Amino acid sequence: MKQAELIPHLFRTEYRKIVAVLCKLFGIGHIEIAEDIVSNTFLSASEIWGLKGLPENPTAWLYTVAKNKTKDYFKRNSLFTQTIAKEIKYGSTNSEEIEIDLSNKNINDSQLAMIFVVCHPCNPAEAQIALALNLLCGFGVDEIANAFLTTKEVIYKRLQRAKEKLRVEKIKIEQPTTTEINNRLNVVLMILYLLFNEGYYSSQNMTLRSDFCLEAMRLTYLLIENEQTNQPFTNALLSLMCFHSSRFDARLNQNGEIILYHNQNTGLWNQELITNGEYFLNQASQGNTISKYHLEAGIAYWHTIKADTKEKWENILQLYNQLLLIEYSPIAALNRTYALAKVKGKKEGIIEAEKIKLTGNHLYHSLMGELYTDIDNAKAILHLQIALSIAKSAADKTIITNKILECEHKNCHQHLINGKHNVTGLN
Amino acid sequence: MKDFLLVFRTDYSTMPKLSPEEMQTLTKRWMDWIGGIAAQNKLTDRGNRLVPSGKVVKTNNVIADGPYAEIKESLVGYSIVKAISIEEATGLTKGCPILEIGGNVEVREIDVL
């Protein structure tokens with residue numbers, strides 16, 4: 001790897017590790033100091049490596065420099081030494097001998113501790129996601145703002161407020177206890193799930209977004225590597241993520257436009273991720289409780305089989321039924337109706353769709369358009385036009401426009417056939 | 001929105017003995033029906049089935065045994081749905097599998113204490 005690529009790469013993989021270790025060492029009150037030290041370390045790297053060339057082991061170099069900068073900070077800042085160094089649990093109270101442990105084990109422990117801090121319910125979900133992207137994944141304010149389609153200022157404020165809240169609540173950065181894990185793992189998993197979705201369902205900045213998904217997977221995997229958090233729900237969540245991400249390469253064409261499932265080239269589906277998904281789904285089936293992650297992973301599993309069999313859609317329908325019993329969501333209601341139409345036919349599907357009445361949702365009208373196609377193409381077009389008028393993202397609009405064209409083509413064709421019949425009738 | 005209790009009743013004695021496959025099909029039909037209500041966001045509590053045998057406690061410590069073979073309409077289960085009116089709640093029972101085997105659904109508005 002060339003230096004120009006290496007620094008961003010190391011920034012992505014190492015920044016968060018060193019930040020996690022330093023945060024755990026300093027405590028929640030001094031996250032910014034940890035971030036400053038690590039940012040400075042990377043700044044030094046780009047300057048010195050540019051002048052002197054790459055060191056033999058760049059990661060080790062970063063660790064050493066980060067350690068030295070931390071020690072310098074202790075020396076320079078007497079206030080810091082007096083107030084914080086005393087609180088530091090590690091080693092001696094003498095700041096010069098404070099040990100900064102950047103071993104793999106401590107990095108993993110620190111990251112786990114940080115996951116539980118970042119996903120603390122004292123902050124609203126959107127703030128937790130922004131914090132996760134910033135502190136756990138090393139994304140900058142710019143990148144996060146870009147992803148949420150908002151300004152740097154908004155995200156900056158959101159992060160500041162979230163960090164302040166953690167400080168005020170005096171949240172401790174430490175290895176979570178078994179009780180804490182049991183009480184809070186579901187919230188942590190939900191945030192990782194939302195982080196993944198943020199990447200998966202958004203239509204802007206495609207490359208960055210798949211980064212979000214991979215980060216969510218990495219953090220979930222970190223939970224699986226830890227014995228206490230390696231629970232069936234965690235495995236179900238990772239399984240779900242594996243199945244979904246197996247289609248990343250097939251999901252976009254060269255222009256970055258979304259390719260719908262039934263048009264995807266299955267050759268581009270990542271078999272390794274599918275196999276991993278199956279493995280984690282098996283792991284998830286130990287135990288008696290079933291979560292929405294289990295059901296969604298089950299649905300995603302059936303989608304890794306492209307052929308439209310009756311068995312596939314019956315299973316998907318039943319899984320959506322169960323999912324809706326656990327938790328209602330408009331998207332689950334819409335997908336369930338689609339599965340029902342696949343099992344029982346479009347006419348039954350239309351009856352069920354009319355009952356769910358999600359008329360303000362463009363996906364509802366897209367579904368109606370799909371169900372009316374070949375049954376009443378004029379009605380299908382009507383629904384698709386409504387969908388087009390309420391859809392927001394450019395990607396959605398493109399998909400709907402293509403469907404309208406397809407439908408208009410069919411509709412014309414239908415008229416022609418009807419017209420010919422009339423002529424024959426007259427004769 | 002108000003909550004309504006749906007009470008399912010049927011005659012156990014006329015219930016056909018089902019093979020495991022038929023049982024599975026019946027379960028699917030129940031799931032499709034209740035899933036349809038959930039998809040409208042009108043399910044408060046999916047409820048439960050009740051085992052056939054039971055006891056009835058009457059005055060003067062008289063305890064009667066179930067199952068009540070003599071009773072034409074045994075209680076077999078319940079669910080709670082939400083709807084604007086009793087008419088809407090009644091409409092939700094359409095397609096309930098109990099109706100296809102000669103049973104019935106009683107719809108009652110819940111008067112919250």
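Trainee: What percentage of the 427 residues of chain A count as buried?
Mentor: Bear in mind that this is a predicted model, and that a residue is called buried if 20 or more other C-beta atoms lie within 10 Å of its own. Applied to the 427 residues of chain A, that rule gives a buried share of 36%.

Trainee: How many helices and how many strands does chain A have, and how many does chain B have?
Mentor: The secondary structure of chain A comes to 20 helices and zero strands. Chain B, in contrast, follows the pattern β-α-β-β-β-β-α-β when it is read along the sequence. The tally for chain B is therefore two helices and six strands, counted as DSSP runs.

Trainee: Where around the axis of helix 19 of chain A do its buried residues lie, on the same side or on opposite sides?
Mentor: The buried residues in helix 19 of chain A are N377(A), A380(A), I381(A), H383(A), L384(A) and A387(A). Because they cover an arc of only 165 degrees around the axis, they are placed on the same side of helix 19 of chain A.

Trainee: Which exposed residues does the face turned away from that buried side carry?
Mentor: This face belongs to helix 19 of chain A and points away from the buried side of the helix. The exposed residues on it are A378(A) and S389(A).

Trainee: How are helix 9 and helix 11 of chain A oriented, roughly parallel or roughly antiparallel?
Mentor: Helix 9 (residues 178-200) and helix 11 (residues 232-245) of chain A pack with their axes 10 Å apart and at an angle of about 5 degrees. Angles under 35 degrees fall in one named class, so helix 9 of chain A is described, relative to helix 11 of chain A, as roughly parallel.

Trainee: How many charged residues are there in the contact of helix 9 with helix 11 of chain A?
Mentor: On the helix 9 side the meeting residues include L185(A), L189(A) and F196(A), while those on the helix 11 side include F233(A), L237(A) and M241(A). By class, this contact has nine nonpolar residues and three polar ones, and the number of charged residues is none.

Trainee: Which helix of chain A gives the most to the side that touches chain B?
Mentor: Twelve residues of chain A are in contact with twelve residues of chain B. Helix 15 (310-326), helix 16 (330-344) and helix 17 (346-356) of chain A each supply at least two residues of the side of chain A that touches chain B. With five residues, the one that gives the most is helix 15 of chain A.

Trainee: How does D11(B) count, as buried, partly exposed or exposed?
Mentor: D11(B) sits in the loop between strand 1 (2-10) and helix 1 (20-39) of chain B. Leaving aside its neighbours within four places in sequence, D11(B) is in contact with K72(B), E73(B), S74(B) and G102(B). Because it has 16 C-beta neighbours inside 10 Å, D11(B) counts as partly exposed.

Terms used
Residues numbered from 1 in each chain as written. Chains lettered and ligands numbered in written order. Predicted model: local features only at pLDDT ≥ 70, side-chain atom pairs only at ≥ 80, totals over all residues. Helix = DSSP H or I, 4+ residues; strand = E, 2+ residues; numbered from the N terminus. Buried ≥ 20, exposed ≤ 12 C-beta atoms within 10 Å, placed from the backbone. Contact = placed C-beta atoms within 7 Å. Arc of directions from axis to C-beta. Axes fitted to C-alpha atoms, helices over the stretch in contact; angles between N-to-C directions. Parallel < 35°, antiparallel > 145°, perpendicular 65-115°, else oblique. Nonpolar A, V, L, I, M, F, W, Y, C, P; charged D, E, K, R; others polar.
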